[in-house]
Amino acid sequence: MTVQVPLYEGALTLDQWQLVEGLASTLTPEQARWISGYFAGLDAGLLRAGGGEIAPVVAPQGRTLTILYGTETGNSRDIAKTLAAAATAQGLAPKVSDLSDYKVRQLKDEQDVLFIVSTYGEGDPPQPSVGFFEFLEGPRAPKLDGVRFSVLALGDSTYEKYCEAGKRIDNRLEELGATRLSPRVNCDIDYDDPAAGWSEVVVQLLAADQAASSPQKVAAAPRADSTSNAHDKRNPFNATVLENIQIVGRHSTKETRHVELDLGGSGLIYQPGDSLGFVANNDARVVEELLEATGLSGDAEVAVKSDSVPLAQALAEKFEITIGSPRFIEQWAKLSGAKALEALTGSNMAAERVKFLYDHHIVDIVRQFPVKGVDAASLLAGLRPLQPRLYSLASSQALVGDEAHLTVAPVRFDLHGTGRGGVASTQIADRLEMGSTVPVYVQENPHFRLPDDDVPIIMVGPGTGVAPFRAFLQEREARAAAGRSWLFFGERNFRSDFLYQTEWQQWLEDGVLSQLDVAFSRDAGRKTYVQHRMHERSRDLFAWLEEGAHFYVCGDEKAMAKDVHEALLQIIEREGDLTRDGAEEYLRVLSSEHRYQRDVY
């Protein structure tokens, strides 16, 4: 292979040129692309090293770069921002867009496109991105010859259709004739390292391409301040617990708590619709059970990244030790030699793996397939990092100032004869005492926002799903908003489970809340849920939509959100005198106008 490399006057000595030409003649196309990226990265490293004047960055000529992300919780958005900063530092000029805001007709005119997409639920794209997927996978999608792309897919390996949304985009772009810049990378919940690796590769490849274009001198991008004191997921703020109380009656069959935290001095700012990231710890009892099952000492020192900590502390603070993952099955299969576990590692066993992990926590697997003499490092190698939990904020800073309120129902259940519970929710219920502190941060949710003050809103929030709507009404009260508001709330029993009852009643009296419809499923008579109340009020509900109302849903995704979605479709079809296809198109338009917003989990 002969590679023609332009020799710019004064760029290389003759000896250097001969060395480069000799190396180039031995490279495969893949090796040539890799080494181009390597030297682009080396150049970036020299710039970051500082010392003397910073060399100018070369700007690309001719090809455009677009970074598109699809997200539910904001992780893809954060990666996209970091990627855009890295590309800008290399002299590239990326455009960044949420898939929900992207004009799909522009796709045919793109040249280099980088996708960062999370998977939601059972293999679905993020709800705000559904419209883009429908276009891309539909008959109107254009041929994309000449477009180059790469995909970073985010997901959770405990689900059967792991990273499915990213896989769908990757496969469809190839079908449409686009060319991969680099292979798709699938990321589990501990996505930081693989995401950083993918970002580095694609930026190096694009930076290498710019060297073949006519160089244009531009100012170097400013270096990020690594000493920033801003509080975020990597640098949470220790908030003090001001209140942690039960808000259901003593005869309730459920447990729901209202929590108030002090954010004073943090600089954290949130909007109604945002979530609070809660950095949880595992229960000491769960840690002890795992240590006992493995025969390991909690005092043994283990390496966690650059730190050395006792094993018990690592298990309590750093790793997921309740719900298992395909990674743990694979690791424990190697250690135990158990044929039953080995069988579950097959690529065609996704459904069986999901069911097994649903029925077996990590400690159950260790007990069922014991490994004598296992060492701590081997155990940790199969565990995923402990992830923060997100809770919808139940307050507006316009009304509560430096406080953050949460509405939490602890998850508790029995498995294999022992009580189990959610990591964060049981910590909040059982171990979060008044005056104690907990690390938190704000997770923005731009896809769940109040409209202008004069626009009507319809809110559907059964159970703890009502939390963000308490924030919505606090905000509207503080702003003296004129827009009408309508809440559908549901729970089990009126007498014991009517969360924030006196607040809703006060807002009704003050005119902040225009209408309130409630459904209590366990009271006398047939079970009634929020979707039944929607049908009962279908004429008025559709009239509100026709008058420009925004429709919000928050809560359980597996049942409630699907039932509410179906009820809404039926109401639109009936009251609008539309066909089913017409009702679905009506709802698609609502979504595209950001008038149908969901925060479901």
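Modeller: Helix α20 (residues 538-546) and α21 pack at an angle of about 85°, and their axes lie 10 Å apart. Axes here are lines fitted to C-alpha atoms, for helices over the stretch in contact, and angles run from 0 to 180 degrees between N-to-C directions. That makes α20 roughly perpendicular to α21, a label for angles of 65 to 115 degrees; under 35 counts as roughly parallel, over 145 as roughly antiparallel and the rest as oblique. Helices (H or I, at least four residues) and strands (E, at least two) are DSSP runs, numbered from the N terminus.

This is a predicted model, in which local features need pLDDT of at least 70 and side-chain atom pairs count only at pLDDT 80 or more, while totals for chains, interfaces and linings use all residues. Residues are numbered from 1 along each chain as its sequence is written, and side-chain values use heavy atoms, with hydrogens and water left out.

On the α20 side, Ser-538, Arg-539, Leu-541, Phe-542 and Leu-545 meet Leu-568, Ile-571, Ile-572, Arg-574 and Glu-575 of α21; contact means heavy atoms within 4.5 Å. The residues of this contact divide into six nonpolar, one polar and three charged. In this grouping Ala, Val, Leu, Ile, Met, Phe, Trp, Tyr, Cys and Pro count as nonpolar, Asp, Glu, Lys and Arg as charged, and the others, Gly among them, as polar.

Helix α21 (residues 557-575) also packs with α22 (residues 580-592), at an angle of about 115° and with the axes 9 Å apart. These two helices are therefore roughly perpendicular as well. From α21, His-565, Glu-566, Leu-568, Leu-569, Gln-570, Ile-572 and Glu-573 meet Arg-580, Ala-583, Glu-584, Tyr-586 and Leu-587 in α22. Six nonpolar, two polar and four charged residues make up that contact.

The loop between α21 and α22 holds Asp-577. Phi of Asp-577 is near 55°, a positive value in a residue other than glycine. Most residues other than glycine have a negative phi. Asp-577 is exposed, with a relative accessible area of 71%; exposed means over 50%, buried under 20% and partly exposed in between (1.4 Å probe, protein chains only).
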